[in-house]
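Please open the model in your viewer and keep the selection tool at hand. This tour names what to select at each stop and then says what is found there.

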Amino acid sequence: MSIKIPYDTVRETIKQAFLNVGLTEEQAKTCAAIHAQSSADGVESHGLNCVPRFVDYVRRGLIDPKGSPELVRAKGAVENYDGHLGIGITNALFCADRAMELAKEHGIGCVALKNTSHWMRGGTYAWRMAEAGFLGISWINTESCMPLWGSDQPGVGNNPFCIGIPREDGPIVLDMAMSQYAYGKLGVYRLAGKQLPYPGGFDSQGNLTTDPGAIEESRRILPTGYWKGSGMAIALDMAAALMANGNSGFDMDEEGRGSCVGCCQIFIAYDPYLFGTREEIQDMLNKRVAAADSSHPEHEGGRVICPGERTLAARERSMREGVPVDETIWRQVMAMAEGDLDARDISGR
């Protein structure tokens, strides 16, 4: 059952759980803010719901709070870092910020990170770059958790792709998995006792289904666009591993250490005004959004929702009414904040 908790309470409770597992004050503060913000933005699957797994991974040594990005090699506007299995959020924030610093100097900046851990909500970093005035692109590779099209066995990671466009009247931000629904979203629906709005995968008998629990059990999530999502997933996997000189999804499968442990992440920042003025670029973006709105069949009173607009609406609502959280997950995280670090993770991937 979903309940609503004040944002500051969510953030401070998560922070205390992270302090209890050994994070520093600064690490706990930063990570708690990202998890709480993700839930406030309507992405609870990678916000509060991921806290129990993060705590578990730190306790098991799969994430090293002392690990931090180390420069391996640099060439012009491109840098390669080893994340040393540090905290995924802090590693990713460092790399997104470094990509923007490179873009200030070169017009474009690219940071390739290897040997890191789960970055939680991928859109966090695209939002960060877009809100700072850069076009931001980022993606990650993971262990196999999705069947390639035509297979019934996991053979490729879900490998989310994110792009943030710095529109001053509201950034346009796309954060998408390569499946119809990410495992975290399946967990949200399962915990709420709801069916998916559209078929999201196959059950153990090979039938398309809207039952999130049946898809979690079969591990046969449906690639977005069928063979297209499947192809994009494997291409993003290989591109990330190539650029970071790190693990592919196959390598992570062989190591079998856990969700996103040892993965690669790519962060690209681009100066949007390299070849056009601010006025020209912003006018073009606003016209494009207006054209999308007018394409609605009832455009006199209706409008198309561009990527990122639901996020802003959810954020405002959460700050006003409280952050929607699953009651069971909330009890787990509160227990961790009170010192019980053995609460079981039931959130899903």
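On a 1 Å grid over the protein atoms alone, a pocket is an open set of points with protein on both sides within 12 Å along at least five of seven lines, a cavity is a set of points where a 1.4 Å probe fits but cannot get out, and lining residues have an atom within 4 Å of a point. Grid points are joined across faces, edges and corners, and a volume is the space filled by probe spheres set on the points. The model is a predicted one, in which local features need pLDDT of at least 70 and side-chain atom pairs count only at pLDDT 80 or more, while totals for chains, interfaces and linings use all residues. Residues are numbered from 1 along each chain as its sequence is written, and side-chain values use heavy atoms, with hydrogens and water left out.

Begin with S2, E44, V188, A192 and K194, which are the closest to the centre of the second largest pocket among the 13 residues that line it. This pocket has a volume of about 280 Å³, and helix 6 supplies the largest share of its lining, five residues.

Next select V43, D175, M176, A177 and K185, which lie closest to the centre of the largest pocket, itself lined by 38 residues. About 1200 Å³ of space lies in this largest pocket. Its lining divides into 18 nonpolar, 13 polar and seven charged residues, where Ala, Val, Leu, Ile, Met, Phe, Trp, Tyr, Cys and Pro count as nonpolar, Asp, Glu, Lys and Arg as charged, and the others, Gly among them, as polar.

**The cavity**

Now select R53, F54, Y57, H118 and M120, which lie nearest the centre of the largest cavity, out of the 11 residues that line it. The volume of this cavity is about 90 Å³, and the structure holds one cavity of 30 Å³ or more.

**The rings**

A search of the whole structure finds 10 aromatic pairs, counted where ring centres of Phe, Tyr or Trp (its six-membered ring) lie within 6.5 Å, with planes under 30 degrees apart called stacked, over 60 edge-to-face and the rest tilted. Select W119 and F267: their ring centres are 5.8 Å apart and their planes stand at 70°, so this pair is edge-to-face. Both W119 and F267 are buried, that is, under 20% relative accessible area, with exposed meaning over 50% and partly exposed in between (1.4 Å probe, protein chains only).

Technical notes: Helices (H or I, at least four residues) and strands (E, at least two) are DSSP runs, numbered from the N terminus.
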